[in-house]
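Visitor: I'd like to learn how to read a predicted complex. Could you walk me through one?

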Amino acid sequence: MSAPLSEVDVAATTSRAADTGPWRLAMRRLRRDRVAMVALTVLAVFVAAALFAPLVAPYPPNAQPDIVGLARVAPSWSHPFGTDIFSRDVLSRVIYGARISLGVATLAILLAMSAGTAWGAVAGYAGGATDAVMMRIIDALLSVPRILILLLVLGLWGNISLPMLVLVLGLTGWFGTSRLVRERVRALSKQDFTLAARAIGARDIRVLWRHVLPNALSPVIVAATLGIGNVIVLEAALSYLGIGVRPPHASWGNIIEDGADQIGSAWWIALFPGLAMLVTVIAFNLLGDALRDALDPRDERRP
Amino acid sequence: MRRLLAARAAQAVVVVAIVATIVFALTHLAPGDPFATAIGTGELHPAQREALRARYGFDRPIAEQYVMYLRNVARGDLGWSFSRSRPVAEALATAVPNTLLLMGTALLLSLALGVAAGLVQAARRDSAIDRGSSAILLVFYSMPDFWLALMMMLAFAYALPIFPVSGMIDPVMHEYLGTWGRIADRARHLVLPATTLTLLITAAIARHQRAALLDAARADYTRTAKAKGLTGRAVLLRHTLRNSIGTTITLVGLMFPALLGGAVLVETVFAWPGMGQLATSAITTRDYSLVTAAAIIGAVMTVVGSAIADILTAVADPRLRER
């Protein structure tokens with residue numbers, strides 16, 4: 001008879017411990033944040049539309065049913081976002097464009113955050129001359145305007161594939177993150193729990209991976225959420241300049257490019273993909289701000 | 001102050017050298033050369049192409065080209081622009097002032113508006129004004145620069161034809177205008193691109209300024225100022241603002257590369273004949289010397305921008321001057 005009772009006790013203690021853990025606490029704060037939940041819902045809808053594009057989109061993205069009669073049709077019931085100069089349905093292109101725009105940005109930010117975390121963690125944990133050299137390199141890289149490198153690489157190499165675009169966007173976006181991680185890792189490596197882990201004989205790589213990095217992750221998560229909006233806009237800007245995502249792929253940026261020289265007559269071609277992008281970026285920024293508040297250990301206003 | 005300037009100058013040289021090297025490596029690793037397709041003149045005969053390559057030193061070993069190029073850059077010789085058929089320095093001399101005019105106007109306006117907006121918001125924290133303006137600022141903060149430029153064009157050049165669609169001067173009438181007429185013509189063309197940039201930069205500055213003011217409002221010196229009986233306005237303007245403005249100036253310095261990127265896109269949309277336009281057209285025509293020069297000027301502008309930010313921060317904060 002006493003066995004079930006003790007099991008209950010154990011369950012009660014563990015759940016209490018989990019409730020007060022920093023991640024659980026952050027998640028609970030986030031769930032209570034109405035703005036964050038709205039942002040998350042909007043993003044979920046957009047991601048779902050992108051994933052199930054063939055089911056959601058009313059037309060195929062590159063179908064040109066009647067290049068003379070159906071070109072540049074103003075928004076109507078059959079074409080809610082109108083059609084472009086090749087009679088393609090803008091709504092369908094925006095939905096398919098979400099696949100490319102969201103996909104490219106997500107992969108690029110994952111790559112950037114991994115690279116930045118690795119670089120910053122090694123520099124911060126090693127300290128001394130290694131740290132100094134690694135951080136001076138970051139200083140130099142940060143003073144080169146990113147758009148310049150992107151213009152050069154994408155412009156000079158010509159027709160670039162999507163994986164290459166992700167690679168280039170990712171590898172030019174991690175310098176700031178590495179600074180962030182380095183500062184956190186430096187602070188954490190001086191703390192008692194790191195010292196304790198080392199005292200019981202854990203090797204550096206284990207201390208870094210198991211003890212230091214998990215505690216350094218929250219600013220990276222915030223930076224990634226806030227940064228993804230930036231990458232979406234950056235990719236769109238490059239596609240707008242004609243050197244990012246190339247036709248026949250639809251991305252929000254190159255749909256806007258299609259509409260740019262029609263802005264005086266067929267304004268809907270450039271308006272709607274931009275609105276989709278604006279809503280997405282606002283949602284990511286709201287979510288990022290909310291995550292920062294939720295993950296802030298100093299903030300004791302909310303339980 | 002003098003040590004700060006010396007350190008900045010040394011850093012500037014290093015950064016420019018790095019940029020020059022990166023650009024050199026990228027242009028020479030990239031497939032093709034300026035003569036692969038001669039824009040506007042049709043296909044070149046292979047022998048003709050070889051002759052051109054030899055004449056401009058493209059047939060030399062890469063190491064020799066690199067040394068030659070660094071020596072020329074150090075001497076200030078930026079070379080010849082193939083696509084514009086004029087020295088690179090001349091092409092830059094017309095483009096750089098245009099970009100500085102656009103960016104300078106936008107930056108000054110944004111600093112004034114952004115700091116003011118942040119002040120109003122922080123003074124009335126959590127009020128309807130604070131919430132409402134925060135929402136509007138977030139929208140502009142999230143807005144893609146080139147898209148806002150297109151929408152401004154749609155609204156104020158097509159739907160309400162108040163301002164010219166693009167360019168910097170009226171292509172026909174400018175010649176016939178007097179001095180004041182020409183200035184007014186330029187100003188009219190400046191309004192839309194400058195407003196676009198101002199809206200975007202103001203949003204970034206105001207968001208930061210509000211947070212910095214609220215941070216400073218929690219500091220001990222603010223409590224001291226309140227304790228000695230100063231009014232709320234005096235505390236905010238003389239103590240809190242003074243202490244928070246430094247971080248805003250630093251932010252603007254750090255934002256410089258992004259500002260330059262924004263200017264590139266806004267210039268492209270409005271066909272504003274500045275650095276952005278120069279750089280994009282140089283890349284599409286594979287005009288290597290112009291590409292390199294544009295990149296170096298971009299790096300110099302970045303370094304100078306952050307140096308000015310450093311100096312201004314030191315001016316605003318006497319503690320930094322001591323060091």
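Guide: We'll go from confidence to fold, then to packing, the chain contact and a few backbone details. This is a predicted model in which local features need pLDDT of at least 70, side-chain atom pairs count only at pLDDT 80 or more, and totals for chains, interfaces and linings use all residues. Residues are numbered from 1 along each chain as its sequence is written, with chains lettered from A and ligands numbered from 1 in the order in which they are written.

Visitor: Where is confidence lowest and where is it highest in chain B?

Guide: Start with the general idea: where pLDDT is low, the predicted coordinates should not be read in detail. pLDDT is the predictor's confidence in each residue, from 0 to 100. Chain B has a mean pLDDT of 83, with 94% of its residues at 70 or more. The lowest part of chain B is helix H12 (residues 318–322), with a mean of 67, while H5(B) is highest at 92. For the complex, the predictor gives an ipTM of 0.85 and a pTM of 0.86.

Visitor: How many helices and strands does chain B have?

Guide: Helices (H or I, at least four residues) and strands (E, at least two) are DSSP runs, numbered from the N terminus. Chain B has 12 helices and 2 strands, and its order along the sequence is α-α-α-β-β-α-α-α-α-α-α-α-α-α. Its C-alpha trace spans about 85 × 55 × 35 Å along the principal axes.

Visitor: At what angle do H4(B) and H7(B) cross?

Guide: Two packed helices are described by the angle between their axes and the distance between the axes. Here, axes are lines fitted to C-alpha atoms, for helices over the stretch in contact, and angles run from 0 to 180 degrees between N-to-C directions. Helix H4 (residues 88–123) and helix H7 (residues 179–217) of chain B cross at roughly 35 degrees, their axes coming within 6 Å. The contact of H4(B) with H7(B) has 20 nonpolar, 8 polar and 1 charged residues. For those classes, Ala, Val, Leu, Ile, Met, Phe, Trp, Tyr, Cys and Pro count as nonpolar, Asp, Glu, Lys and Arg as charged, and the others, Gly among them, as polar.

Visitor: And in chain A, at what angle do H5 and H6 pack?

Guide: Helix H5 (residues 90–126) and helix H6 (residues 128–142) of chain A pack at about 145 degrees, with axes 7 Å apart. On the H5(A) side, Trp119(A), Ala123(A), Gly124(A) and Ala126(A) meet residues of H6(A) including Met134(A) and Met135(A). Contact means that C-beta atoms, placed from the backbone, lie within 7 Å.

Visitor: Which helix of chain B supplies the largest share of the side that touches chain A?

Guide: In total, 38 residues of chain B are in contact with 31 of chain A. H1(B) gives the largest share of the chain B side, 8 residues. That side divides into 30 nonpolar, 8 polar and no charged residues.

Visitor: Is H12(A) mostly covered or uncovered?

Guide: A residue is buried if 20 or more other C-beta atoms, placed from the backbone, lie within 10 Å of its own, exposed if 12 or fewer, and partly exposed in between. Helix H12 (residues 252–260) of chain A is mostly covered, with 8 of its 9 residues buried. Those buried residues pack against H5, helix H11 (204–240) and helix H13 (268–295) of chain A, together with H6 of chain B.

Visitor: Which residues touch the most other members of the largest nonpolar core?

Guide: In soluble globular proteins, nonpolar side chains tend to be buried together. A nonpolar core is a set of buried Ala, Val, Leu, Ile, Met, Phe, Trp, Tyr and Cys residues joined through C-beta atoms within 7 Å. The largest one has 158 residues, and Val94(A), Ala149(B), Leu150(B) and Ala294(B) touch the most other members. H5(A) gives the most to this core, with 18 residues. Beyond its neighbours within four places in sequence, Leu150(B) is in contact with residues including Ile256(A) and Val269(B).

Visitor: Which residues does the cis peptide bond join?

Guide: Pro247(A) and Pro248(A), with omega about 10 degrees. Pro248(A) lies in the loop between H11 and H12 of chain A.

Visitor: Is Ser85(B) buried or exposed?

Guide: Ser85(B) counts as exposed because it has 8 C-beta neighbours inside 10 Å. Its phi is near 50 degrees, a positive value in a residue other than glycine.

Methods. Two residues are in contact if their C-beta atoms, placed from the backbone, lie within 7 Å.
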